[in-house]
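Please read the following with the sequence and the coordinates open side by side.

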Amino acid sequence: MSHALTADITARRAEILDRIGAAARVAGRDPAQVRLVAVSKQQPDDRIDAALAAGLRVFGENRVQEAQARWGPRRAGAPDLHLRLIGPLQTNKAEDAVALFDAIDSVDRPKLAHALAAAMAKLGRRPDVLIQVNTGEEPQKAGVAPAEADALIALARDTLNLPVRGVMCIPPVDEEPAMHFALLAKIAARNGLPEISMGMSDDFERAVTFGATMVRVGSALFGARD
Ligand SMILES: *Cc1c(COP(=O)(O)O)cnc(C)c1O
């Protein structure tokens with residue numbers, strides 16, 4: 001266990017929380033309404049252990065197998081761990097994901113919603129679900145098209161009875177994110193969904209301004225990935 005790394009991550013977290021707080025107050029929001037999700041994907045073990053020692057408990061991962069390997073052995077030592085899947089999920093990994101994660105933030109198509117409903121029924125576990133919206137309508141990117149978001153939310157929440165809590169987006173890298181954040185907030189509001197996951201290392205303050213209830217921060221917290 002490296003005390004220097006733990007001190008480093010503690011300081012970075014404090015700075016990020018300060019910036020979240022300042023952005024929230026400027027927007028007239030309560031800073032307590034914004035949760036920090038520590039994106040631990042592709043980070044080396046010493047930084048993961050330092051983050052746990054620093055008291056972080058809410059982590060985001062983008063691959064099921066990588067998350068199993070990283071968190072399986074650590075779960076016993078951190079019973080209050082909260083793991084979120086923020087990356088694309090294949091239907092054949094739905095059961096593994098339901099078994100491991102406390103929330104699945106990347107539900108983006110009917111077939112996956114059906115697979116998760118079956119996995120939850122089979123395993124008797126009901127992780128929270130967010131619907132991922134491809135706000136930039138980028139062909140290579142995961143997420144349901146904005147025009148189809150309401151229908152997918154209705155299917156997942158009302159027909160399949162999944163615990164749908166909100167929406168998530170990853171704006172195009174080369175665009176001003178504000179209009180994407182505004183669009184996602186609008187989709188959440190018109191569907192009566194409380195959670196809005198948006199904003200990463202480079203734009204989390206902007207996301208808070210537009211109503212994010214969860215920001216997903218990796219490199220600004222842990223340092224650059226491998
Ligand atoms: C990697 C990743 C992040 C964190 O990115 P940083 O720029 O390192 O903060 C957030 N959200 C998703 C979906 C990611 O894949």
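The model is a predicted one.

Two packed helices are described by the angle between their axes and the distance between the axes. Take α1 and α2 to begin with. Helix α1 spans residues 3-26 and helix α2 spans residues 45-53; their axes come within 8 Å and cross at roughly 65°. The handedness of this crossing of α1 and α2 is right-handed. On the α1 side, the residues in contact are Leu5, Thr6 and Ile9, and on the α2 side they are Asp46, Arg47, Ala50, Ala51 and Ala53. Sorted by class, the contact of α1 with α2 consists of 5 nonpolar, 1 polar and 2 charged residues.

The other pair is α5 and α6. Helix α5 covers residues 110-123 and helix α6 covers residues 149-159, and they pack at an angle of about 10° with axes 10 Å apart. How are α5 and α6 oriented to each other? Angles under 35 degrees count as roughly parallel, and α5 and α6 are therefore roughly parallel to each other. The crossing in which α5 passes α6 is right-handed. Pro110, Ala113 and His114 of α5 meet Leu152, Leu155 and Ala156 of α6. That contact of α5 with α6 has 5 nonpolar residues, 1 polar residue and no charged residues.

Helix α3, residues 64-71, can be read by its faces. Which residues of α3 are buried? They are Val64, Glu66, Ala67, Arg70 and Trp71. These residues cover an arc of only 160° around the axis, so they lie on the same side of α3. An α-helix has 3.6 residues a turn, so residues three or four places apart point the same way. Gln65 and Ala69 are exposed, on the other side of α3. What do the buried residues of α3 pack against? Their partners are α2, strand β2 (58-61), strand β3 (82-85) and helix α4 (94-100).

The next residues sit in loops and are buried. Proline 127 lies in the loop between α5 and β5. The relative accessible area of proline 127 is 3%, and a residue under 20% counts as buried, which means that proline 127 is buried. Leaving aside residues up to four places away in sequence, proline 127 touches Val98, Phe101, Asp102, Ala103, Ile104, Met120 and Pro163. Arginine 70 is 57 residues from proline 127 in sequence, and the two are 19 Å apart in space, C-alpha to C-alpha. Arginine 70 is also one of the buried residues of α3.

Asparagine 191 is in the loop between α7 (178-190) and β7 (195-197). With a relative accessible area of 12%, asparagine 191 is buried as well. Apart from residues up to four places away in sequence, asparagine 191 touches Asp150, Ile153 and Arg157.

Aspartate 203 is placed in the loop between β7 and α8 (204-209). Its relative accessibility is 18%, so aspartate 203 counts as buried. With residues up to four places away in sequence not counted, aspartate 203 touches Pro177 and Phe181. Proline 146 is 57 residues from aspartate 203 along the chain, and the C-alpha atoms of the two are separated by 21 Å.

Two loop residues have a positive phi. Glutamine 42 is not a glycine, yet its phi is positive at about 55°. Glutamine 42 is in the loop between β1 (35-39) and α2, and at 29% relative accessibility glutamine 42 counts as partly exposed. Glutamate 137, also not a glycine, has a positive phi of about 45°. The loop that holds glutamate 137 runs between β5 (128-132) and α6. Is glutamate 137 buried or exposed? Its relative accessible area is 57%, and glutamate 137 is therefore exposed.

Histidine 3 and isoleucine 131 are 128 residues apart in sequence, with 38 Å between their C-alpha atoms.

Definitions and conventions: Residues numbered from 1 in each chain as written. Predicted model: local features only at pLDDT ≥ 70, side-chain atom pairs only at ≥ 80, totals over all residues. Heavy atoms only, no water. Axes fitted to C-alpha atoms, helices over the stretch in contact; angles between N-to-C directions. Helix = DSSP H or I, 4+ residues; strand = E, 2+ residues; numbered from the N terminus. Parallel < 35°, antiparallel > 145°, perpendicular 65-115°, else oblique. Left-handed = near helix turned anticlockwise from the far one by under 90°. Contact = heavy atoms within 4.5 Å. Nonpolar A, V, L, I, M, F, W, Y, C, P; charged D, E, K, R; others polar. Buried < 20%, exposed > 50% of the residue type's maximum accessible area, 1.4 Å probe, protein only. Arc of directions from axis to C-beta.
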